[in-house]
Amino acid sequence: MIELHNLSKRYGPVEALGGLSLKVPQGCLFGLLGPNGAGKTTTLRILATLLAPDTGTVRVGGVDALAEPRAVRELLGYVAQEVAIDKILTGRELLQLQGDLYHMVSAERDRRIAELVGLLAMESWIDRRCGSYSGGMRRRLDLASGLLHRPALLVLDEPTVGLDIESRGAIWQVLRQLRDQGTTVLLSSHYLEEIDALADRLAIIEGGRVIAEGAPAELKAALGGDRVTLRVREFSDEQEALKLKALVQDCQGVRQVVVNRAQGFSLNFVVENEGVVEALRRQLAEAQWPVFALAQSRPSLDDVYLQATGRTLMDAELEVAGSRDPKAERKQAMR
Amino acid sequence: MTSAPSLLAPTPSPAAGRSALADLSQETLALTKRLFLQLARRPSTLVAGVLQPLIWLVLFGALFANAPAGMLPDGLSYGRFLGAGVIVFTAFSAALNAGLPLMFDREFGFLNRLLVAPLRSRFSIVLASVLYITSLSLLQSLAIMGTAALLGYGWPGGAGLLLVLVTLLLLVFAVTALSLGLAFALPGHIELIAVIFVANLPLLFASTALAPISFMPPWLGWLAALNPLTFAIEPIRAAYAGAFSLSDVVLVAPYGSLTASTCLLVLAVLALSLFLLIRPLLDRKLS
C-alpha cells in the first residue's frame, strides 16, 4: 500500500529524514515507533502530500505521490497531531465542509456523517461549536473527518497523545475494526505499549531512518534470551553501576550489559538461561553486593528498542525533551 | 461505541465521473460558506466595518458643516463631497482585511487540513476569500450609501449606481489581491494587522477623500493624484454629482486631466497586475 524509498528531508541545518525507506502492506495496522524528533511526523506529512521530500520516492496504492498528489489525497485519510479546528463551526458543519472538499454528494455526505457520529458516539455534542470540545472530543471529530470519504488508507499522527484511557481505548477499537474490514492503517506513536497492543507490524525510527522493522512478536523472538534488570540499591550512581557492570559482564551466559540511566543506574542485560541468574546471585553474594531488585522477563518491545538503538525509548525521549523548539516546529508546519 | 460492520470498509474513490467544474464550485462554495458562517456568528467585523465610516461621515461632515459656501468646486456642500470618500474608504478598509482569515488558517494549521483534501484547484481557497470579501465590502459600502442618503447626501441614480458598484468592485479586487499576497508573505497575523493599521489612514489622508487636490501643497497633490483611492473616489463623486459621462474629466491632476473611464482603466490594470504579481507566491505556498 505504501512504499517509501530513500526519503531525505532537511529543515535548514536540521536533518529530519536521512534516507528513510519503508513498506506497508495492504490491510496492515502498521506502527511507527520512535522518540519525538525521530522523523515520524515528517514522514507522515510527506505521505499526506503536505511536504515534498528533498530526495526519494513515495508511492501510495501504486500511485506516485509526488507526481500525482491529488490521486493520493483521494486514497488517504490523514489525522494530524495538532488538531486544527474552526472553533466557530459546529462539528457537523466542519464534517460537511470536509465532505464538500472531497466532493461527496450532499445526501451521501450527510448519511456518512450520521454513521460516523453514531460510530464514534458523538451524538450529544456534534451540533455544538468546536470551541467547546475537550481534547478527546476533538480527536474523535478528527478521526471522523479522516474517515469521512472512506479512505483505503488512514494515516494518524500520534492519535492518542494526552488522551484519557477511555478515549484511547475507543480509538484503538476503531482502528482495529478498520483493519479488520480491509483499511490499511498507519499510525505513529511514542508509546511502546500502544504499538505493542495495536500494531501488526512496526518500524522503529531513529534519526530519520528505519532501524528495525517487523511484527512485534517476531522482533521480540529474534532477540532471544531473557531480560534481567539488576538494582543493587534503589538509586545507584554511575560509578557504582560501572563497577557492577564489570562484574556482571564476566559472568558466563551474560551478554549486552547496559547501564540504564533512566532507572536509577540499574543494569539491564540478557541471560541465556535460568541457571545464569542463579550463578550470578551466588557471585554477587560472594562479592558482598547488596541486591535491591533482580527481575527477569521475556523480551519486550522496549528491549527491541534498546537493542536496536542502544538506549531505551525513555532515555531517547529525555534526551530530546529539552532540545525541542516548538516555535521552529510550528514554522515548519506553516505554509 | 457500537458499529455496523460495513461502516468502515473502504470503497473506491467516489463520484469519479463528475466534471471538474462541479467539483470546483462545490469546494469553493463550501469554503465561502464557512467564511460567511464565521461572519454570521461573529458579526463584529461587519458592524465595525460599517460603524467606523459612519462615524467619519457624521463627525467629519459636521466638522466642516459651516465651511464657506463655494469653497469646494462646483458648489458642493462638504457632506456631499465627503460622501464619495467615505464610501471608498469603507470598501477599501474591508478589502484590506481580506487576508486575515487566510492568515489565521495558515497560523493555526487549518490550511493544512484544506490542503490534505483532493481539491480540484487550490485556487478555490483564494477564490472563496475573494468572493467573501467582495460581497462583504460591497454590503458595507451599500449600508454606508444608504445611511448617507438618509443624511441627505444624495443617491446616485441608475447608471450612476452601476458606475459606483463597478468602481468599488475594481478597487476591492486590487486591495484584496494585495492583502492576500501579504497574508502569505508576512510571518503572522500581528505583522499583517500592523501593515493594515499603518496603511489604512495615511492612504485615506493622501487621497481626495477629505479634500480636493487644489487644497493641497504640491507634494501631497502629487501623492493624492497617484493614490489608487483617488481613482476610485473621483468617478464615484462624479456619479453622485448627477448627470455624467464616462469621458467627462473627473480629476485635474498635476500631470494632466483624468476622465472617469481612465480612472476605471487604471483600477482594472492595477487589480490585474496585483493578481499577476501575487500569483507566483500563491503557487508556491499552495503547491
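A polar contact is a pair of N or O atoms within 3.5 Å, where within protein one atom must be able to donate a hydrogen and the other to accept it, and where residues adjacent in sequence count only if both atoms are side-chain atoms. The views below show a predicted model, in which local features need pLDDT of at least 70 and side-chain atom pairs count only at pLDDT 80 or more, whereas totals for chains, interfaces and linings use all residues. Residues are numbered from 1 along each chain as its sequence is written, chains are lettered from A and ligands numbered from 1 in the order in which they are written, and side-chain values use heavy atoms, with hydrogens and water left out.

**Figure 1. Chain B and chain A meet at an interface with twelve residue pairs in polar contact, both residues of each pair being at pLDDT 80 or more.** Across this interface of chain B and chain A there are also three salt bridges (a side-chain nitrogen of Lys or Arg within 4 Å of a carboxyl oxygen of Asp or Glu). In a salt bridge between B:Arg113 and A:Asp142, the closest N and O atoms are 2.6 Å apart. On the side of chain B that touches chain A, the elements giving two or more residues are α1 (20–41), α4 (99–108), α5 (110–116) and α11 (260–286) of chain B, with helices being DSSP runs of H or I of at least four residues and strands runs of E of at least two, numbered from the N terminus. Of these elements, α1(B) provides the largest share of that side, namely nine residues. Counting contacts as heavy atoms within 4.5 Å, the interface takes 51 residues from chain A and 43 residues from chain B. The two chains bury about 4400 Å² between them, and 56% of this area lies on carbon and sulfur atoms; such buried area is the accessible area (1.4 Å probe) lost when two parts are put together, summed over both.

**Figure 2. Chain A is built with 13 helices and 14 strands.** Chain A has 335 residues, and 54% of them count as buried, a label given under 20% relative accessible area, while exposed means over 50% and partly exposed in between (1.4 Å probe, protein chains only). Among the contacts in chain A between residues at least 6 apart in sequence, 67% join residues at least 24 apart.

**Figure 3. Ten aromatic pairs are found over all chains of the structure.** In one of them, A:Trp125 and A:Tyr133 sit edge-to-face, 4.8 Å centre to centre and with 70° between the planes, and both A:Trp125 and A:Tyr133 are buried. In chain B, the ring centres of B:Trp56 and B:Phe205 are 6.3 Å apart and the planes stand at 65°, so this pair too is edge-to-face. Rings of Phe, Tyr and Trp (its six-membered ring) pair if their centres lie within 6.5 Å, and planes under 30 degrees apart count as stacked, over 60 as edge-to-face and the rest as tilted. B:Trp56 belongs to helix α2 (residues 44–63) and B:Phe205 to helix α8 (residues 189–205) of chain B, so the pair ties together parts that are 149 residues apart in sequence. B:Trp56 is buried, because its relative accessible area is 14%, whereas B:Phe205 is partly exposed at 44%. Ring pairs also link B:Trp56 and B:Phe205 with B:Phe60, B:Phe64, B:Tyr78, B:Phe81 and B:Phe89 into a cluster.

**Figure 4. A:Arg168 lies over the face of A:Tyr191 and also forms a salt bridge with A:Glu193.** A:Arg168 is 5.8 Å from the ring centre of A:Tyr191, where a charge sits over a ring if NZ of Lys or CZ of Arg is within 6 Å of the ring centre and within 35 degrees of the ring normal. In the salt bridge between A:Arg168 and A:Glu193, the closest N and O atoms are 3.8 Å apart. This pair links distant parts of the chain, with A:Arg168 in helix α6 (residues 165–180) and A:Glu193 in helix α7 (residues 192–198) of chain A, 25 residues apart. A:Arg168 counts as buried because its relative accessibility is 15%, while A:Glu193, at 45%, counts as partly exposed. In chain B, B:Arg237 lies over the face of B:Phe81, at 3.5 Å from the ring centre.

**Figure 5. The structure holds 22 salt bridges over all chains.** One of them joins A:Asp180 to A:Arg179, with 2.9 Å between the closest N and O atoms. A:Asp180 is exposed, at a relative accessible area of 57%, but A:Arg179 is buried, at 17%. Another salt bridge joins the side chains of A:Arg201 and A:Glu213 (3.3 Å, N to O). A:Arg201 lies in strand β9 (residues 201–206) and A:Glu213 in strand β10 (residues 209–214) of chain A, so this pair ties together parts that are twelve residues apart in sequence. Elsewhere, salt bridges that share partners join A:Asp86, B:Arg34 and B:Asp105 into one network.
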